[in-house]
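Biologist: Please take me through the features of a model one at a time, giving the general idea before the particular case.

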Amino acid sequence: DHVRDIWYDFPGGERQLDKRMREHGDMFVARSIALFSDVINNRLYERVREKGGLVYSVDMSFDPMFYADAGFFTISLAAFPDKIEIAIELVKTILAQVQAEGITEKELEASRRPTLVEVRQNLERNGYWLSLMQGIQSDQTQPKTLFSVENICEKYEELTAEEISGVARCVLKGFNERLVVSTGLSGKYANITVTNDGPKISQ
């Protein structure tokens, strides 16, 4: 069962969420997170790196916990030392916008297309099917059923922007209260110390 108190804002409520989870073999939330994470990555790349010029690179990933109905997002960014705080604030703004407003149909399709290409390629590989079967039987991965690997492409294709936005709204709710920021410097910037007042060069 899911941690119930975070799903109040899902479209149709908890009953609809449970229905979608059954239809996806308990993979509905995981697939929704995969797609909206890709949307967030696209926004991060465009706004933080390309338009903002604040970082060399930026990337977000999600790590589920195997023995709990939870997980954590990690955003890694290689920022210019004098632009670290600005980059972090922009990242938080993008997360807040996705949490409050969701994703668009255009963004969903831009994320879904490469995902479907990858899934179709994987489905032609024996190793992929072997890993799926091992995952179903393993105690070291998140619980799955045979429905988890049934009609995978069709399951991705039927996901809507509204329900993916609903998942994002629920799992990102209050993220700022649980946010942990860790900064460090390396290479030619190793003698720069990041303080609350900004970066300072050590002599």
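Modeller: Let us begin with contact, which here means heavy atoms within 4.5 Å. This is a predicted model, in which local features need pLDDT of at least 70 and side-chain atom pairs count only at pLDDT 80 or more, whereas totals for chains, interfaces and linings use all residues. Residues are numbered from 1 along each chain as its sequence is written, and side-chain values use heavy atoms, with hydrogens and water left out.

Biologist: With which residues is Arg112 in contact, leaving aside its neighbours within four places in sequence?

Modeller: Arg112 is in contact with Leu35, Tyr156, Glu157, Glu158 and Leu159 once those sequence neighbours are set aside. Arg112 lies in helix 4; helices (H or I, at least four residues) and strands (E, at least two) are DSSP runs, numbered from the N terminus. The C-alpha atoms of Arg112 and Val39 are 9.4 Å apart in space, although 73 residues separate the two in sequence.

Biologist: Is Arg112 buried or exposed?

Modeller: Buried means under 20% relative accessible area, exposed over 50%, and partly exposed in between, with a 1.4 Å probe and protein chains only. Arg112 has a relative accessibility of 6% and therefore counts as buried. The buried residues of helix 4 also include Leu108, Ser111, Thr115, Leu116, Val119 and Asn122. As a general idea, an α-helix has 3.6 residues a turn, so residues three or four places apart point the same way.

Biologist: What does the chain look like as a whole?

Modeller: Its secondary structure comes to 8 helices and 4 strands, in the order α-α-β-β-α-α-α-α-α-α-β-β along the sequence. Of its 203 residues, 35% count as buried, and residues 24 or more positions apart account for 65% of the contacts with a separation of 6 or more.

Biologist: How can I check the length of a helix, taking helix 2 as the case?

Modeller: The expected span is 1.5 Å times one less than the number of residues. Helix 2 (residues 28-51) has 24 residues and should therefore span 34 Å, and its end C-alpha atoms, 33 Å apart, agree with that. Helix 2 is followed by Gly53, whose phi is positive, near 60°.

Biologist: What should I make of a positive phi in other residues?

Modeller: Most residues other than glycine have a negative phi. Asp26, in the loop between helix 1 and helix 2, has a positive phi near 70°, and Asp26 is partly exposed, with a relative accessible area of 39%.

Biologist: Which residues have the most contacts inside the largest nonpolar core?

Modeller: A nonpolar core is a set of buried Ala, Val, Leu, Ile, Met, Phe, Trp, Tyr and Cys residues joined through side-chain atoms within 4.5 Å. The largest one has 44 residues, and Phe36, Val48 and Val167 have the most contacts inside it. Helix 2 gives the most to this core, with 9 residues. Val167 touches Trp7, Phe10, Phe28, Val29, Ser32, Ile33 and Phe36, not counting residues up to four places away in sequence.
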